[in-house]
Amino acid sequence: MKIFEVLAVSSSEIATDQPELDDIFYNKCQAAHLESQGYKVDPKMIIEDDCDMEDVRAASSVYSKWTNMWDPEENKYIIPYYYAEGYADLSYPYRGVTQTGVMSMAGINKNVAHFETLTCLKMKLITEAEKDEYESVIRVHWDDPDKRCSSGIGRCTGICEISMRPDCHKWHSETTVNHEFMHRLGFRHEHTRPDRDEWVSIHPNLVDESNYRKLPLSDWEDLDSPYDFRSILHYTVKTEDDGLPTIGIASDPSIGAPVHRQWPMSDQDAFQLNAFHACEINDKCADAGEDRCGGSRHKCLNQPIGYTCECADDYDLVINAEEIQTCVRDGSEETQYTIRMEKINEHLTRLIDSLEKTRYTNKYTRKMQKKIEHLDAATNEEKFRCDGSDRPDGEGEDIAVFDGETNCKLASQINSALVSASRKWACRKGSANRLVRHFNKYNRQFQARMCSDE
Ligand SMILES: [Zn+2]
């Protein structure tokens, strides 16, 4: 019922994007901590929580991170969220168009999906029934009309609330959803960072308001990220009653700051999320194991910006033109090609050792060695089959046999194995055919010269 009462009085005043005043709510400990530093915290943004008031300092300035649930299968920290019962049935207009709960859920799901593509965090949609399986879980709702689009800060124990009125997903070029989720991840507003005075000036009416007041250094985790007007955590610029902007540039408070939020989040937002969660330190690819990443081709897709994959033992990092990182077995590891060529060389050596040393057999030896070098040079760098179909740890592919009882039969078997290898691994245009022609020719000559009496 409350919802409809508010709908009736609020629908006319939301023709445009609203300022996000009071979009962080605090538990009692966090609020007490802020107030002790001179912040004004709107009482309606203080929630009942099980925080221990005797431990205000510890509870308030250090927010828990969502690093409690690492999923090696996903290669991510998992952050579960669910929609409150009845959320789908809500509605609220945005610029005259009704936004239903179902539309809101689609918008929220779409936006939070970007965390997993840009960072080592994954927002995982669960059902309400599953919530008890998790130590901490985000509950998306709109229970309290005053909370509009807002969130508590950091990870709590149990249910962590995010308020999402059904129109929130449309706000500020659709950056508001991830803005609120970033608060839940422990992030404050960009324009409150301790060095903000070098970049912006805050309107005098707002300077003590909790969402504008500059954070003390003690409450700021410096992630070595430059001031970012494109951050989705930067408030947009509004005009106060005196005509001055809410956020001006540092050198002239009458000129609005050049805030331009970048959807779905700015590069620096993603960088900070990754730095904050030490994404680059976690050896995600190696932890995941080679099987997860596809045998030899141990791909590190969807890794955070700036992340360098640490490959498992016996893998080398290869970065292609699209900057996709791949862990490739290093030279010490065998691929199907190297397995086959080792076998061929072993039997070729056996053949040559058993041949009488003549001008012809010396020439045959040299020509075969030279041609095998050509085959090597024609393969791709990682010694994968040209069609990419093989895996070094695959089985049963090498069907070459070397059981010939005579030198002549063995030479033919070696030839067959080399012809087949040329067709599979010589990727340069024309080189496979040329290799096949030469190997066949050397074998014909060998048969003619050495096997005339068989
Ligand atoms: Zn905010």
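These questions and answers cover a predicted model of one protein chain.

The model is predicted, so local features need pLDDT of at least 70 and side-chain atom pairs count only at pLDDT 80 or more, while totals for chains, interfaces and linings use all residues. Residues are numbered from 1 along each chain as its sequence is written.

Biologist: How many helices and strands does the protein chain have?

Modeller: Elements are DSSP runs: helices are H or I with at least four residues, strands are E with at least two, numbered from the N terminus. The protein chain has twelve helices and 16 strands.

Biologist: Are helices α11 and α12 roughly parallel or roughly antiparallel?

Modeller: Helix α11 covers residues 407–425 and helix α12 residues 431–450. Their axes (lines fitted to C-alpha atoms over the stretch in contact) lie 9 Å apart, at an angle of about 175 degrees. Angles run from 0 to 180 degrees between N-to-C directions. Over 145 counts as roughly antiparallel, so α11 is to α12 roughly antiparallel.

Biologist: Does Ser-91 count as buried or partly exposed, and why?

Modeller: Ser-91 lies in strand β5, residues 91–94. Buried takes 20 or more other C-beta atoms within 10 Å, exposed 12 or fewer, and partly exposed is in between, with C-beta atoms placed from the backbone. Ser-91 has 18 such neighbours, so Ser-91 counts as partly exposed.

Biologist: What separates the C-alpha atoms of Ser-91 and Ser-104?

Modeller: Ser-91 and Ser-104 are 13 residues apart along the chain. Their C-alpha separation is 8.7 Å.

How values were computed. Parallel < 35°, antiparallel > 145°, perpendicular 65-115°, else oblique.
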